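Subject: A structure for you to look at

Hi,

Here's the structure I promised to pass on. Have a look at it first, then read my notes below.

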Amino acid sequence: AMVVRDVMHADVEYVTTTDSVHHAAEVLLTCNEGALPVVDEHHRVVGLLSETDLLALAIPSYIDAESDLSFLPRSVELPTLCSADLKGLTVGDVLRTDILALIEEDDPIVEAARIMVRQRVRRCPVVRDGKLVGVLSRRTLMDILVRPAVEGTDPA
C-alpha cells in the first residue's frame, strides 16, 4: 500500500520560530500556499503559520470584539499591515500551536487523509522523528483517492 512518503512534496517552503513575521509574510505572499510549516532550531515542526494568522494581525482588536461594524463612518480607512506593525515580531511570537496536525512519512495514505479530514486542513506537514521532511496536500489526496472513482479507473 502507498504511504505518505510516496506522494508527499519533499521540496517544502517553511519558516523558523526566530524568523521575522515580515519575512514569513513575504514567503507566504510569494509561495502560493495558504500556510507554512514552522520549525524550531532542531528542524522539528512546532506549528503552522497561515494567511489567516497574518490577516488577524492586520485587523485591530476592536474589530474582533465588535461583530457589527456599521457604526464606523465610511470614511474610516481600513487597517493595513505595515512593516512598522511587524517590527520586532518573530514567527514564534504569533504562532498558534494548538491545532497542529502532523503526518508521519510512513503513514498509509488513507490514515493521512483521515487526519486531514478530521483537522480540516488543506496541507499537512510530514515528519520523520518529528522533523520536517515534506508536506502533503489535500489536492494530492484527491488525485489518489477520489479521481479514480470519477474517471472509472482502479486506484493505484
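Which residues form a nonpolar patch on the surface? They are Val-110, Met-142, Leu-145, Val-146 and Val-150, and together they have about 440 Å² of accessible area. Keep in mind that this is a predicted model.

If you want to find the patch, go to helix 8, which covers residues 138–151. That helix gives the patch its largest share, four residues. Leu-145 is one of the patch residues, and its place is in helix 8. Is Leu-145 buried, exposed or partly exposed? Its relative accessibility is 38%, so Leu-145 counts as partly exposed, since that class lies between the 20% limit for buried and the 50% limit for exposed.

Now for the whole chain. You'll find eight helices and six strands in it. The chain has 156 residues, and 35% of them count as buried.

One helix pair is worth a look too. Two packed helices are described by the angle between their axes and the distance between the axes. Here, helix 2 (residues 21–31) packs with helix 3 (residues 51–58) at an angle of about 125 degrees, and the axes are 11 Å apart. As for handedness, helix 2 and helix 3 make a left-handed crossing.

Cheers

Methods. Residues numbered from 1 in each chain as written. Predicted model: local features only at pLDDT ≥ 70, side-chain atom pairs only at ≥ 80, totals over all residues. Heavy atoms only, no water. Patch = residues over 30% accessible without salt bridge, like charges linked within 9 Å, V, L, I, M, F, W, Y side chains within 5 Å. Areas by Shrake-Rupley, 256 points an atom, 1.4 Å probe, with all protein chains shown as cover. Salt bridge = Lys/Arg side-chain N within 4 Å of Asp/Glu carboxyl O. Helix = DSSP H or I, 4+ residues; strand = E, 2+ residues; numbered from the N terminus. Buried < 20%, exposed > 50% of the residue type's maximum accessible area, 1.4 Å probe, protein only. Axes fitted to C-alpha atoms, helices over the stretch in contact; angles between N-to-C directions. Left-handed = near helix turned anticlockwise from the far one by under 90°.
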